[in-house]
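Visitor: Could you take me through the ring contacts and the pocket of this protein, one question at a time?

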Amino acid sequence: MLELAILGFLAEGPLHGYQLRRRIAHLSGHARPVSDGSLYPAINRLVTAGLLDRRAEPGVSAAQRHTLSLTSAGRTELLRRLREADGLDISDSTRYFTILAFLSQLPDPADQHAVLRRRLDFLEQPASFFHDGDRPLRAEDTDDPYRRGMLTLARTTNHAERAWLRDLLA
């Protein structure tokens with residue numbers, strides 16, 4: 001998802017590494033902080049793969065700044081990753097929010113809707129953090145106030161998202 005966020009933000013325009021890091025941190029930093037030790041190797045992989053272009057510019061002080069921009073191959077890869085989002089990209093909320101943040105980059109509404117339908121299909125499956133054998137437990141099934149809270153919040157969020165998705169897809 002880090003690479004997708006890099007590609008997605010650079011699809012909006014060129015950025016310096018520091019600007020890119022701040023945008024990624026705002027998008028997902030609360031759930032998965034982005035360190036320089038993960039960001040810059042990811043940038044280097046994308047540059048090596050020809051998906052990003054990096055050019056040096058004079059800095060305010062003696063140090064040069066590097067501006068990153070998306071190549072046409074990078075845009076193609078971004079669109080492929082968005083169009084083919086499935087599995088954990090759909091079921092993991094943080095990963096899905098990264099997909100959702102850039103879904104408008106897909107030019108074809110049919111492709112956008114296909115991704116959203118996969119999310120809706122996932123949300124409509126019975127699920128729970130806790131089970132009694134194979135049976136998912138509901139908030140009403142537990143006396144533990146914290147587990148009940150988790151299940152109540154999850155149900156409320158799930159209901160709101162399903163309603164939003166149905167409206168959007170209608």
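**Rings and pocket**

Visitor: How many aromatic pairs does the structure hold?
Guide: This is a predicted model, in which local features need pLDDT of at least 70 and side-chain atom pairs count only at pLDDT 80 or more, while totals for chains, interfaces and linings use all residues. Residues are numbered from 1 along each chain as its sequence is written, and side-chain values use heavy atoms, with hydrogens and water left out. Rings of Phe, Tyr and Trp (its six-membered ring) pair if their centres lie within 6.5 Å, and planes under 30 degrees apart count as stacked, over 60 as edge-to-face and the rest as tilted; the number of aromatic pairs in the structure is 3.

Visitor: What is the geometry of the pair formed by phenylalanine 9 and phenylalanine 102?
Guide: The planes of phenylalanine 9 and phenylalanine 102 are at 90° and the centres at 4.9 Å. The geometry is therefore, with planes over 60 degrees apart counting as such, edge-to-face.

Visitor: Is phenylalanine 9 buried or exposed?
Guide: Buried means under 20% relative accessible area and exposed over 50%, with partly exposed in between (1.4 Å probe, protein chains only). Phenylalanine 102 is buried, and phenylalanine 9 is likewise buried.

Visitor: Which residue lies over the face of tyrosine 96?
Guide: A charge sits over a ring if NZ of Lys or CZ of Arg is within 6 Å of the ring centre and within 35 degrees of the ring normal. At 4.2 Å from the ring centre of tyrosine 96, the residue is arginine 119.

Visitor: Which class has 15 residues in the lining of the largest pocket?
Guide: On a 1 Å grid over the protein atoms alone, a pocket is an open set of points where a 1.4 Å probe fits, with protein on both sides within 12 Å along at least five of seven lines, and lining residues have an atom within 4 Å of a point. Ala, Val, Leu, Ile, Met, Phe, Trp, Tyr, Cys and Pro count as nonpolar, Asp, Glu, Lys and Arg as charged, and the others, Gly among them, as polar. Beside 6 polar and 6 charged residues, the class with 15 is nonpolar.
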